Structure formats: C-alpha cells, structure tokens
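Here is a short tour of the model on your screen, going from charged pairs to helices to aromatic rings. Keep the viewer open and follow along.

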Amino acid sequence: MYKIIKKIALSLDRLLEIFALMTLSIMVIIVTVQVFTRTIGNFVYFWSEEVTLLLLVWTAFLGIAIGFREKLHLSMDSVTRRISQSAQKKVSKVITITVFIFGLYLVIYGWQYTELMHANTLAATGLPRSVQYVIVPITGVLVCIYSFLQIVGIETRRHPESDDEEEVS
C-alpha cells in the first residue's frame, strides 16, 4: 500500500516540479523581453507586469509546497537538540501535525478568498482575479498531502542531498 502511495506522490512531485520550473522560466523570459523592449525600443507589453506578478505568486506558493515536502521550512533546533531522541520524534510529529493544520487553513480560507475575488478582474489581461489566488488552496492541499505522508512515516524528500545544513555556533 505504501509503495502505491509513494509512487503516486512521486508522480505528483514530478508534475509539481516541472510546473514550478515552467512558471519560473516563463517569468524570466517575460521579464527579459520586457527589459529589452523597454531599453531598446521604449516599448512595454501592457500585460507583461501583470503576468509576471501572477507567475511570481504561483512560483512562490509552489515553492512553499516543495519546501514542506523537502522539510526545508524554518526550524529552530537549539532546544530540540538538547532533548532525548524519543522526545525529538514526538516534537517532530507535533510540528508535522501543526503543518497539516496550516495546510487545512490554506485550503479553507484560501478557497474562500479565491471565491471572493472571482468577480474582480485583472486590469491588463481581463482574467478573473481568482486566478492569482487559486494557488493558495492548491498549496494547502499539497502541504496537507506531504504532512500526512510524513505523519504516517513515508519519506517525502526527493532531494535528500539538499539537506547539507551548516551548523551555526
């Protein structure tokens, strides 16, 4: 059962990373073209800043989900390093459950805000403003999935080599 869940999670991860890299790449291309056309031709595409902002929001929230998956979220371990290994595991479970609750918060309130903003439109593209905010509940769902997998003991990190932490004295 765990192998099937892990395989589904890895497929989801692959799609998530590809999509995040695509949004980042498109954003870089748009900004590069915008700078070039502004500098050389004194011309700016009317939609470029709005689409760049939209992609920035999406990339940032996808980065939040990937960060939780890779366990790269902020932590202060000066206290937990001083307690026993079994207590550290318990504290880790509490933190993961808290992260799950945060994911639920993003899902519930992010969806409510997305619905609230649907009637408004973005000025340049005419898209509903909810397009900008729908990533919040999506991120919440991803955070809940990753937290749940971590709670039941399934390793979610795809890049454990990125765990090279520097010790601060």
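## A buried charged network

Let's start with Asp13, which has 2% relative accessibility and so counts as buried (buried means under 20% relative accessible area, exposed over 50%, and partly exposed in between, with a 1.4 Å probe and protein chains only). Before going further, please note that this is a predicted model, in which local features need pLDDT of at least 70 and side-chain atom pairs count only at pLDDT 80 or more, while totals for chains, interfaces and linings use all residues. Residues are numbered from 1 along each chain as its sequence is written, and side-chain values use heavy atoms, with hydrogens and water left out.

Asp13 makes a salt bridge with Arg69, with 3.7 Å between the closest N and O atoms; a salt bridge is a side-chain nitrogen of Lys or Arg within 4 Å of a carboxyl oxygen of Asp or Glu. Asp13 sits in helix α1 and Arg69 in helix α2, 56 residues apart (helices are DSSP runs of H or I with at least four residues, numbered from the N terminus). Arg69 is buried too, at a relative accessible area of 0%. Glu17 also bridges to Arg69, and here the closest N and O atoms are 2.4 Å apart. Because Glu17 belongs to helix α1 and Arg69 to helix α2, this pair ties together parts 52 residues apart in sequence. Glu17 is buried as well, with a relative accessible area of 18%. A network of salt bridges links Asp13, Glu17, Arg69 and Glu70.

The structure holds 4 salt bridges. One of them joins the side chains of Arg38 and Glu49, at 3.5 Å from N to O. Arg38 lies in helix α1 and Glu49 in helix α2, so the pair connects parts that are 11 residues apart in sequence. Arg38 is partly exposed, at 43% relative accessibility.

Which side chain of opposite charge is nearest to Glu50? It is Arg129, 5.9 Å away, and Glu50 is buried yet has no salt bridge (Lys and Arg count as positive, Asp and Glu as negative; His and the chain ends are not counted). Glu50 is in helix α2, and a polar atom of its side chain lies 2.9 Å from the backbone nitrogen of Ala124.

## The helix α1

Helix α1 covers residues 2-41, 40 residues in all, and reaches 57 Å from its first C-alpha to its last, close to the 58 Å expected; the expected span is 1.5 Å times one less than the number of residues. Its buried residues include Ala9, Leu16, Met27 and Ile30. Among what covers the buried residues of α1 are α2 and α5 (135-151), where contact means heavy atoms within 4.5 Å. After α1 comes Asn42, with a positive phi near 50°.

## Aromatic pairs

There are 6 aromatic pairs, counted when the ring centres of Phe, Tyr and Trp (its six-membered ring) lie within 6.5 Å; planes under 30 degrees apart are stacked, over 60 edge-to-face and the rest tilted. Phe43 and Tyr45 have ring centres 5.0 Å apart and planes at 80°, so they are edge-to-face. Phe43, Tyr45 and Trp47 form one aromatic cluster.

The rings of Phe68 and Phe102 are tilted, with centres 6.3 Å apart and planes at 50°. Phe68 is buried at 14% relative accessibility, whereas Phe102 is partly exposed at 37%.

Key
Helices (H or I, at least four residues) and strands (E, at least two) are DSSP runs, numbered from the N terminus. A polar contact is a pair of N or O atoms within 3.5 Å; within protein, one must be able to donate a hydrogen and the other to accept it, and residues adjacent in sequence count only if both atoms are side-chain atoms.
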